[in-house]
Amino acid sequence: SDTVVSAVLNVDVKGPVINRHVYGHFAEHLGRCIYGGFYVGEDSDVPNEGGIRLDVVEALRALNIPNLRWPGGCFADEYHWMDGIGPKKQRPAMVNTHWGNVEENNHFGTHEFMALCELLGAEPYISGNVGSGTVKEMSDWVEYLTRDGDSPMVRLRKANGREEPWRVRFWGLGNEAWGCGGHMSAQQYAAEARRYGTYCRDHGDNRLYRIAAGANSDDYTWTETLMKQLGDLGCAYRPQAFYQALSLHYYTIPGTWQDKGDATVFDTDEYYRTMVKAAHIDELLTGHSNVMDCYDPGKNVGLVLDEWGTWWNVEPGTNPGFLYQQNTLRDALVASVHFDIFHRHADRLVMANIAQTVNVLQAMILTDPDSGALVLTPTYHVFEMNKGHQDAASLRVDLLSGVPTREVGPDALATVSLSASRKDDKVLVSLSNLDAAGAADVELDLRGGSVGGVVSRILTAGAPQTHNTPDAPAAVAPRSHEQVTVTGTRVRVHLPAHSFVTVQVDVA
Ligand code: AHR
């Protein structure tokens, strides 16, 4: 018989709001993310606006993308923004030494990125160059983008066709400063963040939210060094501090960095190891939040997980520097587990950015390099099914019965994961059954309100390895889920093996 999990949801007890920015995205000049993915150029046969692919934009608009991080990643610390403005023919080319050693013609630059954000309805999140740039270069970029009136950078922007300043809130002070962003020590970077942060000015009423390049995985010392600096300088509570948030990067890799595992060919053991690695983000968010609490108990400084997702070996025959990988139902469950954990950390986690949106790592969209055909991945569907959590109040889910667990090597994996939120009179519950073979039933006892209509959707397939291709674009796609029964205030949801389900309940 199926496992039964009993949970209590007090729909009238609202927790911290789930910042919509935890559904953020990331687009780097890497492989075919920008060129061929987002951008095909004005002369392409693919329908475009100013070179930006309209089919990609249309698909992504359905996700309500709140913000888009750009231009890197590691690329950010070798990007010189002035090379990417002005007439395209006059823009100097460069070599993208980090990603594939290919030539970058700089045809996609600041104006193109801001146009993309406008088409998507997303806020820009710009990562500035600390590793190989200068303070002046970064300061000028902020002025170019956000200053009104008259100034050298404003005149340059206007000469390039943009009268009005843009609004830019999210500003990254470098990327992975402990690695590709300059191989700095935490102390070294803390000093750089202070310096760069100082000269990234607020122009007019544009208020920057400066995000210091944070830790890798469980490097709590890095987080502590940056938090201590704010505390020592009495800045943790001042809006004009050098940085208002710290980032964190964590990738789900069940293998080693040398052999990460294949995106589509994996056995059950590797599937479960992947889920254990995905669930590990809970320990990391808890650990970094605890360190931050020691210096900022009022939770004024934000935690930004600006790179997360699965990282597999590249698809056979593709450029190893392009990080192109397929995406299966397993990836979708990695995403759904992350979101449950993000929702539980709503008090400190202000933003998260999946790496990356198109054609790179755990993408939403894969485009065929020859035909241009576009495929929506299983991960795309999790973002779409979960979008109702954006800016909703988180709800605690209290478990009356234990969640089933499974031993995976030395670890215990909870095979049912769930989270809930409330916006107005709608409660959205997300449920994942990670068991590769067995079904589960979850009985939700909704207290503190009456239960009205219920709408449920399911994402699953015959096997965790199932994925979408141009020939089978809907092998993994959401459909209506009928195995939900309502008895008074109890909602019972059937979860087949390896499935993701959302249940939206009208409450009064
Ligand atoms: O997302 C791919 C790369 O992973 C990014 O460029 C870098 O920041 C990280 O190491």
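Predicted model: local features only at pLDDT ≥ 70, side-chain atom pairs only at ≥ 80, totals over all residues.
Now step back to the whole chain. Domain 2 runs over 20–391, while domain 1 is put together from 3–11 and 394–507. Between the C-alpha centres of the two domains there is a distance of 29 Å. Where they touch, 35 residues of domain 1 are in contact with 36 residues of domain 2. On the domain 1 side, strand 18 (405–408), strand 19 (411–414), strand 20 (416–423), strand 21 (426–433), strand 23 (451–459) and strand 27 (499–507) each contribute at least two residues. Strand 20 gives the most, with five residues. Sorted by class, this side of domain 1 has 15 nonpolar, 15 polar and five charged residues.

Let us finish with a pair of helices. Two packed helices are described by the distance between their axes and the angle between them. For helix 3 (residues 135–146) and helix 5 (residues 186–199), the axes come within 8 Å and cross at roughly 35 degrees. The crossing of helix 3 and helix 5 is right-handed. Helix 3 brings Val135, Met138 and Ser139 to the meeting, and helix 5 brings Arg195, Tyr196 and Tyr199. By class, the residues of this contact are four nonpolar, one polar and one charged.

Terms used. Residues numbered from 1 in each chain as written. Axes fitted to C-alpha atoms, helices over the stretch in contact; angles between N-to-C directions. Helix = DSSP H or I, 4+ residues; strand = E, 2+ residues; numbered from the N terminus. Left-handed = near helix turned anticlockwise from the far one by under 90°. Contact = placed C-beta atoms within 7 Å. Nonpolar A, V, L, I, M, F, W, Y, C, P; charged D, E, K, R; others polar. Domains from an automatic or database assignment.
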